[in-house]
Amino acid sequence: MNTKYWEEEIEIASREKLQNLQLERLKKTVAIAAHSPFYKKVFEENRITPDSIRTLEDLKKIPFTTKAQMRDNYPYGLVSGELKNAVRLHSSSGTTGNPTVIFHSQHDLDSWANLVARCLYMVGLRNTDVFQNSSGYGMFTGGLGFQYGAERLGALTVPAAAGNSKRQIKFITDFGTTALHAIPSYAIRLAEVFQEEGIDPQNTSLTTLVIGAEPHTDEQRKKIEKMLGVKAYNSFGMSEMNGPGVAFECTEQNGMHFWEDCFFVEIIDPDTEEPVPAGEIGELVLTTLDRDMMPLLRYRTRDLTRIIPGECPCGRTHIRIDRIKGRSDDMFIIKGVNIFPMQVEKILVQFPELGSNYLITLTTRDNQDEMVVEVELSDLSTDNYIQLENLRKDITRQLKDEILITPKLKLVKKGSLPQSEGKAVRLRDLRDNK
Ligand code: DLL
């Protein structure tokens, strides 16, 4: 097979056809969800029966599902299918307390693998490619999610797993890896190790990079592309919606196609909970349409994005979302100003004298909130004090223009900030009132 699409009929389906499919699947999904103790209660309390859903609009009769509810009903409260048919579980990353756990049937895993294969095919991967996965394997869905997807595509997979950059580079060179999956902060780290090892990534067979699982700016993507000599495609997903394979950039690199045959997308104002006007930024709310072990209805993701209006030249009809601006729970308020770590990153990445690792710390000093930004210098920086001081002032000024307050900026030595194995930690809030 060497056509442009993995599943042409679905990928370029007309809106009408897509919506018909969504409605058919939504009805089925709601009927399945009614078997879980959690949704059974929600439906009873709101007088909803599966018959209440006659149109896609009717979905709005169902209340939102939150992460807190998933935690409160841990571990089995949202399971709708018979447990004997469950074959795997994954749980979400980080945080304290109960994790959110998702259970999958074989059907769910097949559907997920197909979606990931669809994404990889979309960015040009074929069964002749060698796909290396530098994700952690285990509960994190970036490992097994891409593994099964790339196998479904028929690529030769290298399940390198996280860390050990020298070994990653050896695999890339020895096996002729053509496509790599990495989280953006790790892609940068790997590019640095290439430099340290004196190997030019341009001389390897690597041409495609898939980056996602954490927010990053377009500037960061361009930097990664340049450092590794690849095209880098943004990949969005979350454990609650399987994992990777939810939305993915096509070769136009202008927004991520959201697979609407498998997910119903709403974008709401997080405060009023009303839909935002077309094209405006709001919180992504998602409903699974092709899962039978543990469907989720109107799940509040906390991720902020917008739908990109207009058609995509690639011909796919599934809507595109903009890169994630941040999570509503990542946003911090300091001196009355709302700030996302991504706004800081957008400025820092423009200075070649800076490396990619940075950390924002919020503290209280003399009853005042203080914002400290520590950023590592790159090999291109000087050790001339006056030049460094000028650089610091210049960056501080630009940060002030972007975030409206003046942070305390510390330029630190390369390698001195903590380097996380998984997703990068960009914010520490140590304020007294926290
Ligand atoms: O990060 C799933 C994944 C694995 C996606 C590999 C892509 C690649 P979680 O650990 O549950 O799942 O974290 C999900 O990560 O709600 C977003 O806040 C963030 N996120 C995921 N992809 C992107 C992206 C996986 N491309 C949470 N850009 C989500 C920005 C992202 N943020």
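User: Which residue does the side chain of Glu-260 meet in a salt bridge?
Analyst: This is a predicted model, in which local features need pLDDT of at least 70, side-chain atom pairs count only at pLDDT 80 or more, and totals for chains, interfaces and linings use all residues. Residues are numbered from 1 along each chain as its sequence is written, and side-chain values use heavy atoms, leaving out hydrogens and water. A salt bridge needs a side-chain nitrogen of Lys or Arg within 4 Å of a carboxyl oxygen of Asp or Glu. At 2.5 Å from N to O, the partner of Glu-260 is Arg-15.

User: How far apart in sequence are the parts that this pair ties together?
Analyst: Glu-260 sits in the loop between β9 (256-258) and β10 (263-268), and Arg-15 in helix α2 (residues 15-33). Helices (H or I, at least four residues) and strands (E, at least two) are DSSP runs, numbered from the N terminus. So the pair links parts of the chain whose separation is 245 residues.

User: How many salt bridges does a search of the whole structure find?
Analyst: The pair of Glu-260 and Arg-15 is a salt bridge. Searching the whole structure gives a total of 33.

User: What distance separates the centres of the two domains?
Analyst: An automatic or database assignment sets the bounds, giving domain 1 (1-329) and domain 2 (332-429). Taken over C-alpha atoms, their centres are separated by 30 Å.

User: What area is buried between domain 1 and domain 2?
Analyst: Buried area is the accessible area (1.4 Å probe) that two parts lose on being put together, summed over both. Carbon and sulfur atoms give 54% of this one, and the total is about 1600 Å².

User: Which residue pairs up with Glu-196 in a salt bridge?
Analyst: Across the interface of domain 1 and domain 2 there is one salt bridge by the rule. For Glu-196, the closest N and O atoms are 4.0 Å apart, and the partner is Lys-414.

User: Which element gives the most to the side of domain 1 that touches domain 2?
Analyst: At least two residues each come from α8 (184-196), α9 (218-228) and β15 (326-327). With six residues, the one that gives the most is α8.

User: Which residue has a side-chain N or O atom 2.7 Å from an oxygen atom of the ligand?
Analyst: The ligand is surrounded by 23 residues (a heavy atom within 4 Å), and Asn-234 and Asp-303 are among the closest. A ligand nitrogen is 2.8 Å from a side-chain N or O atom of Asn-234. For the ligand oxygen, the residue at 2.7 Å is Lys-423.

User: Where does the cis proline, Pro-75, lie?
Analyst: Most peptide bonds are trans. The bond from Tyr-74 to Pro-75 is cis, with omega near -10 degrees. Pro-75 is in the loop between α4 (67-72) and β1 (86-91).

User: What is the phi of Ala-161?
Analyst: Most residues other than glycine have a negative phi. Ala-161 is in the loop between β4 (156-158) and α7 (165-175). Although Ala-161 is not a glycine, its phi is positive, at about 65 degrees.

Conventions. A polar contact is a pair of N or O atoms within 3.5 Å; within protein, one must be able to donate a hydrogen and the other to accept it, and residues adjacent in sequence count only if both atoms are side-chain atoms.
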